[in-house]
Amino acid sequence: MKLGKPATDQELGSLNLVNSGYFPTLRIPLLQGRLWNETENRNGAHVALINQTLARSYFPNGDAVGHSLKLLGIESRPPEVLSVPGIADAWLLIVGVVGDARNDGLKNPVKPGIFIPYTLSMSEGTQVLARSDVPPLTLMHALATQVNAVNPEQQIYNNVEDLETWISNEPKWQQDHLVSWIFGLFAALGMILAAVGLYSVVSYTVAQRTNEFGIRLALGAGRGHVLRIVFASTFLSVGSGVLCGLALTVVLSKFVAQWSDGNAQDPFVLLGGVLVLGVVAGIACAVPAREASRVDPITALRCD
């Protein structure tokens with residue numbers, strides 16, 4: 001097989017011995033080719049799947065399916081590991097390419113990955129993954145019953161975790177979770193301060209323009225006209241602040257990316273922030289605008 005560049009130990013990536021149900025269980029999409037079937041899995045067919053990272057590295061033209069690869073690291077070490085005779089020297093046909101999935105922790109980038117039928121090399125322990133619409137841990141008895149139906153002497157370890165718990169125990173997840181809470185707390189505090197400040201400024205502006213509103217009302221202006229004046233001036237200021245905030249987001253996105261894996265320039269996130277600011281601005285100026293529309297022209301004209 002022509003890889004296009006020499007392989008090194010670091011480029012070998014991860015080797016996963018699974019069955020074809022592994023991919024739909026973890027919702028890993030099939031991008032090219034096919035999955036091996038149950039007959040091929042039972043017979044230990046010399047087939048393999050690779051992930052998108054490996055395909056991009058060695059098959060930039062997108063022609064990975066149909067090529068072959070050799071896994072030199074597989075050895076048979078009875079009784080701990082039982083492998084198909086001669087598997088280390090055998091060529092495995094690439095039958096498909098699957099999407100990338102985290103295979104080196106939550107912090108590190110995805111490594112090149114190879115997936116082969118688990119019947120090619122079997123060790124003492126096997127990990128069983130199950131997907132369910134009910135709480136996973138409630139299925140333990142049912143799963144144990146199925147395993148005992150196949151082999152009554154098969155032992156099942158008690159270290160069972162659902163995927164959410166397993167991920168939440170990762171140090172990287174806990175670090176990102178803490179950072180998210182801190183950023184969220186400061187964001188909420190900033191939003192509260194912005195709302196209070198906006199309300200104060202609008203209230204002060206309305207009070208300063210009491211005479212103007214009184215004159216407008218005395219000359220026949222409607223209350224809706226006064227409301228539009230208050231809201232227009234408010235949202236003009238808010239709009240200017242939003243534009244400045246978007247500009248700062250673009251400038252500081254690289255700095256923020258050091259603390260979070262999310263995209264600081266995600267249009268949905270930015271749109272959500274703008275909508276929240278708009279709602280806060282509307283609520284903050286609703287009361288002053290209502291008071292402005294109810295100004296008594298006589299009282300307003302008497303104010304100095």
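1. The model is a predicted one, in which local features need pLDDT of at least 70 and side-chain atom pairs count only at pLDDT 80 or more, while totals for chains, interfaces and linings use all residues. Residues are numbered from 1 along each chain as its sequence is written, and side-chain values use heavy atoms, with hydrogens and water left out.

2. The protein has 10 helices and eight strands, taken as DSSP runs numbered from the N terminus (helices H or I of at least four residues, strands E of at least two). Of its 304 residues, 26% count as buried, where buried means under 20% relative accessible area, exposed means over 50%, and partly exposed lies in between, with a 1.4 Å probe and protein chains only. The protein exposes about 20,300 Å², of which carbon and sulfur atoms supply 61%; accessible areas come from the Shrake-Rupley method with a 1.4 Å probe, and for residues only the protein chains shown count as cover.

3. A nonpolar core is here a set of buried Ala, Val, Leu, Ile, Met, Phe, Trp, Tyr and Cys residues joined through side-chain atoms within 4.5 Å. The largest such core has 18 residues, and the members that touch the most others are Ile50, Phe59, Leu69, Leu71, Leu92, Ile114 and Ile116. Strand S3 (47–51), helix H3 (52–58), strand S6 (91–98) and S7 are the elements that give two or more residues to this core. A second, separate core of 14 residues includes Val206, Phe213, Val226 and Ile229.

4. Thr119 sits in the loop between strand S7 (113–117) and strand S8 (121–123), and counts as buried because its relative accessible area is 18%. Leaving aside residues up to four places away in sequence, Thr119 touches Asn41, Gly44 and Val84.

5. A salt bridge requires a side-chain nitrogen of Lys or Arg within 4 Å of a carboxyl oxygen of Asp or Glu, and by this rule the count comes to one. Arg34 forms a salt bridge with Glu40, with the closest N and O atoms 3.0 Å apart. Arg34 is partly exposed, at a relative accessible area of 37%, whereas Glu40 counts as buried at 17%.

6. Helix H6 (residues 171–208) holds Leu189, which is partly exposed at a relative accessible area of 45%. Leu178, Ile182, Phe186, Leu189 and Leu193 make a nonpolar surface patch of about 530 Å²; patches are made of residues with over 30% relative accessible area and no salt bridge, like charges being joined within 9 Å and nonpolar side chains (Val, Leu, Ile, Met, Phe, Trp, Tyr) within 5 Å.

7. Trp173 also has its place in helix H6 and is partly exposed, with a relative accessible area of 33%. The C-alpha atoms of Trp173 and Lys107 are separated by 8.5 Å, although the two residues are 66 apart along the chain.

Note on methods
Contact = heavy atoms within 4.5 Å.
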